[in-house]
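Notebook, one chain under review.

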Amino acid sequence: MAHEIPSTAMVFAAGLGRRMLPLTQTTPKPLIKVGGRSMLDHMLDRFAEAGVRRVVVNVHHLADQIESHLASRRDLEVIVSDERDALLDQGGGIAKALPLLGEAPFFVANTDALWIEGPRRNLSRLAETWDPAEMDVLLLVAATATSVGVDWPGDVFMDAAGRLSRRPEREVAPFVYAGVGILKPELFAGRAEKIFPLAPFFWDAAGKGRLYGQRLDGVWLHVGEPHVIAEAERELERNVS
């Protein structure tokens, strides 16, 4: 069953980027360039192409640089969620931004998750798969073995219906979370704590049979450390049409 694409997205740009040191001493991780374009712009380009109208971007580390950079975007309504006073983790960042995100399901995205598209845009495919009657969370997932920059044994298993389950410790899973998903805002409403991670919401949904996945069509590029930049750029050049 096809659904209208979510009109709003949250992009996580507040992190310290420790794995990207020493680059992140002077440049926030989202503004590090891959293939001549910042990782933040790669993600915003995807959302603009998919028809998303509003993007909330949280900021903390070197926040002024990110805000200045975002001011140049004219193809999207970009709203900054200011976390300068305290880094809230991804879950807390969503909770703080809920008044900006609205009451409808929304995209979330990490800025270090890039991909080379297959025949159809992955965000559109994700939106078409989304079914709020069956799902609380829908994640874009990629093949562990063929993704660039994956140095861990995968994240999830996926059954024939698309339901995801967490990789048990000491096992290898065929899929990794590709850093993009669709979530329901009500998952985060009314929480007393301000700082909390996002991943437990995934596993809670999995326990209820309401965590689903859509396999990425193309090649996923996880640019989490400096040495992966060159590898990702080689892959991008190889796939230029």
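**Entry 1: salt bridges.** I began with the total, and the count comes to 21 salt bridges. The model is a predicted one, and I read every value below with that in mind.

I then took the pairs one by one. R19 and E225 meet through their side chains in a salt bridge, at 2.7 Å from N to O. I looked up the accessibility of both. R19 has a relative accessible area of 43% and is therefore partly exposed. E225 is also classed as partly exposed, because its relative accessible area is 22%; the cut-off for buried is under 20%.

Next I looked at R46 and E49, whose side chains form a salt bridge at 3.9 Å, N to O. Both residues lie in helix 1, three residues apart, or about one turn of the helix. An α-helix has 3.6 residues a turn, so residues three or four places apart point the same way. E49 is partly exposed, with a relative accessible area of 39%.

R170 pairs with E169, and their closest N and O atoms are 3.9 Å apart. I noted that R170 and E169 are both exposed. I also found a network of salt bridges that links R37, D41, D45, R73 and D75.

**Entry 2: the largest pocket.** How much space lies in the largest pocket? I get about 1,000 Å³. The lining has 34 residues, and those closest to the centre are Q90, N110, D112, Y177 and H222. I checked which elements supply the lining: helix 3 (89-101), strand 11 (175-183), helix 5 (199-207) and strand 13 each give at least two residues. By class I list 15 nonpolar, ten polar and nine charged residues in the lining.

**Entry 3: helix 4.** Which residues of helix 4 (residues 122-129) are buried? I find N122, L123, R125, L126 and A127. The elements that cover these buried residues include helix 1 (39-50), strand 6 (106-110), strand 7 (113-117), strand 8 (137-143), strand 11 and strand 12.

**Entry 4: D217.** I placed D217 in the loop between strand 12 (211-215) and strand 13 (218-222). Leaving aside neighbours within four places in sequence, D217 is in contact with I116, E117, G118, P119, R120, N122 and R125. Of these contacts, N122 and R125 are among the buried residues of helix 4. I also looked up D217 against Q25: they are 192 residues apart along the chain, and their C-alpha atoms are separated by 34 Å.

Entry 5: Is E235 buried or exposed? E235 is buried, because its relative accessible area is 16%, and the limit is under 20%. I find E235 in helix 6 (residues 226-238). Not counting residues up to four places away in sequence, E235 touches I116, V148, V219 and L221. I116 is also listed as a contact of D217.

S81 belongs to strand 5 (residues 77-82). S81 counts as buried because its relative accessibility is 3%. With residues up to four places away in sequence left out, S81 touches V56, V57, N58, V59, K96, A97 and L100.

Conventions: Residues numbered from 1 in each chain as written. Predicted model: local features only at pLDDT ≥ 70, side-chain atom pairs only at ≥ 80, totals over all residues. Heavy atoms only, no water. Helix = DSSP H or I, 4+ residues; strand = E, 2+ residues; numbered from the N terminus. Buried < 20%, exposed > 50% of the residue type's maximum accessible area, 1.4 Å probe, protein only. Contact = heavy atoms within 4.5 Å. 1 Å grid on protein atoms, 1.4 Å probe; cavity = no way out; pocket = protein on both sides within 12 Å on 5 of 7 lines; lining within 4 Å. Points joined across faces, edges and corners; volume = space filled by probe spheres on them. Nonpolar A, V, L, I, M, F, W, Y, C, P; charged D, E, K, R; others polar. Salt bridge = Lys/Arg side-chain N within 4 Å of Asp/Glu carboxyl O.
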